[in-house]
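User: I'd like to go through this model and ask what stands behind the labels.

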Amino acid sequence: MLCALGSAVCFGTASVLQAVAARASAPGSGSGVDPVLLLRVLRQWRYLAGLALDAAGFLLELVALRSLPIYAVGAALAASLAVTAVVASWVLRVRLSGIEWGAVAVVCGGLAMLGLASGAEGHGTGSTALRTGTLAVAAGVLALGAAAGRLPGRARAAALGLGAGLGFGVVEVAVRLIDDLSPGALLRNPAAYALLLGGGAAFLLLTSALQRGSVTAATAGMVIGETLGPALVGVGWLGDRTRPGLEPLAVAGFALAVVGALALARFGEPPAEAEEATGAEQQAPAR
């Protein structure tokens, strides 16, 4: 659980750096799957620093996925938005409302409940059909990104965010489906290709979502995509369970962590825009 929380700290801090870098870059090809934009943001030091934190977070996530149920790790990763909110308020002087501080507390409480209720990871290794299906979902993420690039405004951002979340969810599931790390076994395992394709597609879609459109909508879509699906796969196909008799506590903790994260979705926005939004809210007349 410490590794999962450490991963959330890395991802949450990285998102601030990457959002600023993405918005500071010129638009790429205009597609939801936009390698041109990715090449441009890679010239920004903030984006590279964010990638370094992402790499550290991913290593911690791998360790956590080898010891915890997917639902617990997914909820902890969603909590990275709480980390982003706190980092933004401290380093970038973005003001959090009382409701948002409450949402941070809700996320922390939900994770504490999950930590108490989570059992060990399931011992299921998944069928060949599940491995192949995971690869198919990863390919579908790319197709979703290409289609989302044609949508207008907020719908586009939400679709790109959901696609990115699904891609990150594929990574969570694929890690559990790789039980043999020998080169020959990896080459024969569709889950290994799903991990690479899903992770790469998720970064492409998330970068496009951060660069254009409502990043709040994109972040909310990402949280939903990376938590619900993988949790269901872990429970339904990989044998993830809670401690005996603590199923209600685990369900409540998962729900609180995800809902609290969704309440903090605006912190996927670049800091300058978040500050402007806060200032506008303070100047607006009371209704």
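Predicted model: local features only at pLDDT ≥ 70, side-chain atom pairs only at ≥ 80, totals over all residues.

User: Why is leucine 195 called buried?

Analyst: Buried means under 20% relative accessible area, exposed means over 50%, and partly exposed lies in between (1.4 Å probe, protein chains only). Leucine 195 has 18% relative accessibility, so leucine 195 counts as buried. Leucine 195 is found in helix α10. Leaving aside neighbours within four places in sequence, leucine 195 is in contact (heavy atoms within 4.5 Å) with Phe58, Val171, Ala174, Val175 and Ile178. Across the chain, 50% of the 287 residues count as buried.

User: And why are cysteine 3 and cysteine 108 called partly exposed?

Analyst: Cysteine 3 has a relative accessible area of 26%, so cysteine 3 is partly exposed. Cysteine 108 is at 47% relative accessibility and therefore counts as partly exposed too. As for disulfides, meaning pairs of cysteine sulfur atoms within 2.5 Å, the count comes to zero.

User: What makes a set of residues a nonpolar core?

Analyst: A nonpolar core is a set of buried Ala, Val, Leu, Ile, Met, Phe, Trp, Tyr and Cys residues joined through side-chain atoms within 4.5 Å. The largest one here has 47 residues, and Leu111, Phe254, Leu264 and Phe267 touch the most other members. Helix α4 (residues 70-78) gives the largest share of this core, eight residues. A second, separate core has 16 residues, including Ala157, Ala202, Ala217 and Ala218.

User: Which residues does leucine 264 contact?

Analyst: Leaving aside neighbours within four places in sequence, leucine 264 is in contact with Leu81, Ala82, Ala85, Glu100, Ala103 and Val104.

User: How do you know where the pockets are, and what volume does the largest pocket have?

Analyst: Rolling a probe the size of a water molecule over the atoms shows where empty space is left. On a 1 Å grid over the protein atoms alone, a pocket is an open set of points with protein on both sides within 12 Å along at least five of seven lines, whereas a cavity is a set where a 1.4 Å probe fits but cannot get out; lining residues have an atom within 4 Å of a point. Points are joined across faces, edges and corners, and a volume is the space filled by probe spheres set on them. About 590 Å³ of space lies in the largest pocket. Of the 30 residues that line the largest pocket, Phe11, Asp54, Phe168, Phe203 and Leu206 are the closest to its centre. Helix α10 supplies the largest share of that lining, seven residues.

User: Which classes of residue make up the linings?

Analyst: Ala, Val, Leu, Ile, Met, Phe, Trp, Tyr, Cys and Pro count as nonpolar, Asp, Glu, Lys and Arg as charged, and the others, Gly among them, as polar. The lining of the largest pocket divides into 18 nonpolar, eight polar and four charged residues. The second largest pocket, about 270 Å³ in volume, has eight nonpolar, one polar and three charged residues in its lining.

Notes:
Residues numbered from 1 in each chain as written. Heavy atoms only, no water. Helix = DSSP H or I, 4+ residues; strand = E, 2+ residues; numbered from the N terminus.
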